[in-house]
Amino acid sequence: MDEAASFDFIISLIYERCRIRLHDGKQSLIKTRLGKRMRLHGFENFNDYCDFLKHSADEEEITHVVDALTTNFTNFLREQDHFTYMVKTALPAVIPPGKKKLKVWSAACATGEEPYSIAFYLAEHFPLTAGWDWRILATDISTKALGKAKAAVYAEDRLTAVPPEWQRRYLQRGHGKWEGHYRVKPAISERVDFQQLNLLGQYQFKDTFDLIFCRNVMIYFDRPTQEQLVRQLAKFLVPHGHLFTGHSESLNGLDTGLRCLKPSIYQKS
Ligand SMILES: C[S@@+](CC[C@H](N)C(=O)[O-])C[C@H]1O[C@@H](n2cnc3c(N)ncnc32)[C@H](O)[C@@H]1O
């Protein structure tokens, strides 16, 4: 394969497995992330490694490739229909009249784009200036990802999905050495609490959550583990609270006690 065909092969592989589109411009990321696998198999040339993947690699090697390219993958406003559902349907279903307090958990927050996307939507629809009080708990197993999330600084090309008006409202443009970068404004970032947490470990919270986002992490777990995890998450939801999973993560056939409202949207009854 030539280089263009090699990248096409990798991009299709990741799309088929995870529904993640690694767009053009991700070539150097793909090469860097697969470097370790290439060297392990004695390849010096990226195209030769892709030939090997296509024709003779086993499923285990393909899994390593998928992991290397997707483990911390995230984006602002990823799977955006969840955010509109959150503000239009899920939260109105759980907020009692007169209550102006909300709690949302982003349970595998990676580098922060998911909790900040939630925050942008909440700021728009439940403004702090109108007396709303909301907080987001954002957790992940990776301290490295959490470090980036807490810093709340993103290169301009990470923000293409965020409407320009929201960029002006919720992000600060960097200057000098931060030219080309944006930081989430403190009014938003101080509403998000970050904490390291292994979803498969032992944990307790003082409060329950109105909503939980646990997206694009369950694909890494087997079915019994997914079932156990969802039952555990459900304990931390308020009655009628919602759980969002990734678009490619179905809980069909699992005994979770949650009602499926739409693919990837579940409710505690
Ligand atoms: C592909 S990212 C998903 C990020 C975000 N939820 C989204 O949908 O864009 C998966 C995240 O799950 C985290 N993760 C993997 N295993 C975990 C575990 N056992 N407990 C908590 N987080 C975990 C990884 O560190 C990674 O940041």
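The centres of domain 1 and domain 2, taken over C-alpha atoms, are separated by 29 Å. Domain 1 covers residues 3-70 and domain 2 covers residues 81-268 of the protein chain, with bounds that come from an automatic or database domain assignment. Everything here describes a predicted model, in which local features need pLDDT of at least 70 and side-chain atom pairs count only at pLDDT 80 or more, while totals for chains, interfaces and linings use all residues. Residues are numbered from 1 along each chain as its sequence is written.

Let us take the whole chain next. Its secondary structure comes to 10 helices and 10 strands; helices (H or I, at least four residues) and strands (E, at least two) are DSSP runs, numbered from the N terminus. The protein chain has a radius of gyration of 20 Å, close to the 18 Å that the globule rule gives for 269 residues, so it is as compact as a globular protein of that length. That radius is taken over C-alpha atoms, and the globule rule is 2.2 Å times the number of residues to the power 0.38. Along the principal axes, the C-alpha atoms fill a box of roughly 65 × 50 × 30 Å.

Now to the sheets. Strands of a sheet pair through backbone hydrogen bonds, either parallel or antiparallel. Here, two strands pair if DSSP finds at least two bridges between them.

Strand β10 (residues 265-268) runs antiparallel to β9, and four bridges join the two. In the hairpin of β9 and β10, two residues lie between the strands, and Ser264 takes a positive phi near 75 degrees. On the β8 side, β8 and β10 pair in the antiparallel sense over three bridges. Some facing residues are listed here.

| Residue | Facing residue in β10 |
|---|---|
| Cys260 | Tyr266 |
| Arg259 | Gln267 |
| Leu243 | Tyr266 |

A second open sheet has three strands in the order β3-β5-β4, with antiparallel pairing. At its edges stand β3 (153-155) and β4 (171-173), each with a single partner strand, so one side of each is left without a neighbour in the sheet. Three bridges link β3 to strand β5 (residues 181-184) in the antiparallel sense, and Ala155 has His181 in β5 as its bridge partner.

Finally, the ligand is surrounded by 21 residues, the closest being Thr74, Ala108, Ala110, Leu199 and Asn216; a residue is near a molecule if its C-beta atom, placed from the backbone, lies within 6 Å of it.
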